[in-house]
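Please look through the model shown here before reading the notes on its backbone, its sulfur link and its aromatic rings.

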Amino acid sequence: LAAMDDAMNRAQTQFYEYEITNQEPGKPERKLAMQVRLKGEKRLSEISAPADMKGTKVLILSTTQMYVFLPAFGKVRRIASHVTDQGFLGLTFSQDDFALTRYSPTFAAQLASETDAEWKLVLTPKAGQAAPYAKLEIAVAKSNGLPTELKYYNASGTHAKTETRTGYSCEGNVCTPGELKMTDHTKGGHFTKFTRVKWKV
């Protein structure tokens with residue numbers, strides 16, 4: 001798990017542009033565009049489309065310090081800790097999901113199974129750690145030491161969400177997925193897909 005954390009955090013700073021597809025059951029597909037700047041565990045996200053959401057920004061300084069700027073109100077607001085586990089802007093990804101850049105400080109890992117291609121890890125919160133999930137199951141590719149599938153379980157033990165990370169490419173020793181997709185099983189299969197359009201290390 002520590003090796004996976006290291007593989008995920010090799011870059012000092014990164015810049016991304018994403019196209020986002022949000023599909024709620026029974027509703028028309030929604031498209032967004034977002035720019036993301038990363039430095040360590042700090043993350044600044046800005047919505048660039050659609051027009052009615054353009055300029056909305058979220059700053060994550062740590063798993064407990066998050067702020068949102070809503071251009072309609074012209075104010076910066078701190079995001080209350082009790083809502084960080086909820087879908088951000090109607091997406092299936094929560095602020096907690098974005099803030100989790102390293103897993104080993106919060107979770108203890110056990111090797112559940114292993115094939116020639118991957119390890120399957122089961123993560124549970126360490127004693128005294130406030131974790132956003134009661135359990136995670138992560139498939140880690142041996143080729144690059146990075147996660148390809150994450151299953152998120154809530155406090156009642158329900159498999160709430162599944163995230164896939166596919167289409168990895170690398171700049172030097174920094175590798176990131178070309179597509180991230182999060183499906184919320186508690187909301188009838190509502191999913192959000194991030195497709196990488198630009199990326200700079």
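The briefing below covers local backbone features, the disulfide, the aromatic pairs and the charges over rings.

This is a predicted model, in which local features need pLDDT of at least 70, side-chain atom pairs count only at pLDDT 80 or more, and totals for chains, interfaces and linings use all residues. Residues are numbered from 1 along each chain as its sequence is written, and side-chain values use heavy atoms, with hydrogens and water left out.

**Backbone**

- A cis peptide bond, with omega about 5 degrees, joins Ala49 and Pro50, and Pro50 lies in the loop between β3 (42-49) and β4 (57-60); helices (H or I, at least four residues) and strands (E, at least two) are DSSP runs, numbered from the N terminus.
- Leu89, although not a glycine, has a positive phi of about 55 degrees, and Leu89 is found in the loop between β6 (75-78) and α2 (95-99).
- Leu89 counts as partly exposed at 27% relative accessibility, where buried means under 20% relative accessible area, exposed over 50%, and partly exposed in between (1.4 Å probe, protein chains only).

**Disulfide**

- A search of the whole structure finds one disulfide, a term that stands for a pair of cysteine sulfur atoms within 2.5 Å.
- Cys170 and Cys175 form this disulfide with their sulfur atoms 2.0 Å apart, and the link of Cys170 and Cys175 is right-handed, with 100 degrees about the S-S bond.
- Cys170 is partly exposed at a relative accessible area of 46%, whereas Cys175 is buried at 12%.

**Aromatic pairs**

- A search of the whole structure finds eight aromatic pairs; rings of Phe, Tyr and Trp (its six-membered ring) pair if their centres lie within 6.5 Å, and planes under 30 degrees apart count as stacked, over 60 as edge-to-face and the rest as tilted.
- Among them, Tyr18 and Phe194 form an edge-to-face pair, 5.2 Å centre to centre with 80 degrees between the planes, which links strand β1 (residues 13-23) and strand β15 (residues 190-200) across 176 residues.
- Tyr18 is buried at 7% relative accessible area, and Phe194 is buried at 1%.
- Phe88 and Phe98 form an edge-to-face pair, 6.2 Å centre to centre with 85 degrees between the planes; Phe88 lies in the loop between β6 and α2 and Phe98 in helix α2, so the pair ties together parts 10 residues apart in sequence.
- Ring pairs link Tyr16, Tyr18, Phe88, Phe93, Phe98, Phe194 and Trp199 into a cluster.

**Charges over rings**

- Lys135 lies over the face of Tyr153, 4.4 Å from the ring centre; a charge sits over a ring if NZ of Lys or CZ of Arg is within 6 Å of the ring centre and within 35 degrees of the ring normal.
- The charged end of Lys181 sits over the ring of Phe191, at 4.5 Å from its centre.
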